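Biologist: Thanks for sitting down with me! Could you take me through the aromatic contacts here?

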Amino acid sequence: MPCADGLANPYNPGMNAPSHRAGHVAVLGRPNVGKSTLINALVGAKVSIVSARPQTTRHRMLGIASVPGGQLLLVDTPGIHGGKGKSTATAMHRMMNRAARGALEGVDAALLVVRAGQWTEEDTLAFDALREAKIPVLLVVNQVDRFADKSALLPYLEEVSRDRDFASVHPVSALKRKGLEALVNAVLPLLPEQPPLYAEDEITDKSSRFLAGELVREQLMRQLGAELPYATTVEIEAFEESTIKRKGVPPQPMFRIGAVIWVERDGQKAIVIGKGGTRLREIGTKARQQMERMFDAKVHLETWVRVREGWSDDEAALKAFGYSE
């Protein structure tokens, strides 16, 4: 299970130690408001992939943030989306909505993330889901760094808070890590008093194998999001760990990873591969570099592109590729 390098848990259990709180906190909101960026900032390490494309997050992820006096188990979810039409009617999109709503079961509190200056119908959908769950909800107004004059946000904050029973409201910039300390201090009292639920150096409940697939998919979303926003997924076919031993230097961990990129049509396969294979090589190179940083190891990555027609609207295919609610 991936661990954070250099992250120390300030909680020191002893006879006179202060109370420690730990619990699950759902992070909900419409697509592309910065939920994953917020979780990565709170955890202090990358556990959720990020791109400018909506609905980059497809799986329920757990980010583990060990902070002074507590441990926040942050549940990253696919963005709740509404609307009608082909783009929101596939089995994958229905599964993502169910996964987002299902993440509210058993949590102690929730963060509703919105974009500063905006409130849409999908924000209302997310708020209504949280209200039905009957848990404390903190409103996180993200991307406030876009406003040079912060006082211009006051009418907006007053409007979105009216008739909505938020435990507290927090203007933040997840990208610049501004306003996060106050947010953590507001969440902790809402969590149960109990010891840490994970080791102090753990940052997610997902395996390295799973994260490798996500890092490949992140590059697909970043490089091909405009052309193939939702038509690709990644399956890790091979994941082998070994050790590089060289005379005179410490042993170095080594991962050999084989990743299959699935698309729905032959034309999409050509787009992913690119002219002379240039696009696929670029995707592989950048994904490998991310893996080496995340795993602190040497990585040998091989990628292939295969076609499975209509996989995104096929419940059996989604389960085979590891999607769940």
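Below, we talk through aromatic pairs and charges over rings in this predicted model.

Biologist: How many aromatic pairs does a search of the whole structure find?

Modeller: Happy to start there. The search covers the whole structure, and the number of aromatic pairs it finds is four.

Biologist: What is the geometry of the pair formed by Phe239 and Phe295?

Modeller: The ring centres are 6.4 Å apart, and the planes meet at 85°. Planes over 60 degrees apart count as edge-to-face. The pair is therefore edge-to-face.

Biologist: How many residues apart are Phe239 and Phe295?

Modeller: Phe239 belongs to strand S7 (residues 233-244), while Phe295 belongs to helix H8 (residues 278-295). This pair links distant parts of the chain, and the separation is 56 residues.

Biologist: Is Phe239 buried or exposed, or in between?

Modeller: Buried means under 20% relative accessible area, and exposed means over 50%. Phe239 has 21% relative accessibility, so Phe239 counts as partly exposed.

Biologist: And which class does the pair of Phe255 and Phe295 fall in?

Modeller: Their rings are 5.2 Å apart, centre to centre, with 45° between the planes. Stacked needs planes under 30 degrees apart and edge-to-face over 60, with the rest in a third class. That makes the pair of Phe255 and Phe295 tilted.

Biologist: Which residues form one aromatic cluster?

Modeller: Phe295 pairs with Phe239, and Phe295 also pairs with Phe255. The cluster is formed by Phe239, Phe255 and Phe295.

Biologist: Where does the charged end of Arg164 sit?

Modeller: Arg164 lies over the face of Trp119, at 4.1 Å from the ring centre. Its charged end also sits 5.7 Å from the centre of another ring, over that of Phe127.

Note on methods: Residues are numbered from 1 along each chain as its sequence is written. This is a predicted model: local features need pLDDT of at least 70, side-chain atom pairs count only at pLDDT 80 or more; totals for chains, interfaces and linings use all residues. Side-chain values use heavy atoms; hydrogens and water are left out. Rings of Phe, Tyr and Trp (its six-membered ring) pair if their centres lie within 6.5 Å; planes under 30 degrees apart count as stacked, over 60 as edge-to-face and the rest as tilted. Helices (H or I, at least four residues) and strands (E, at least two) are DSSP runs, numbered from the N terminus. Buried means under 20% relative accessible area, exposed over 50%, partly exposed in between (1.4 Å probe, protein chains only). A charge sits over a ring if NZ of Lys or CZ of Arg is within 6 Å of the ring centre and within 35 degrees of the ring normal.
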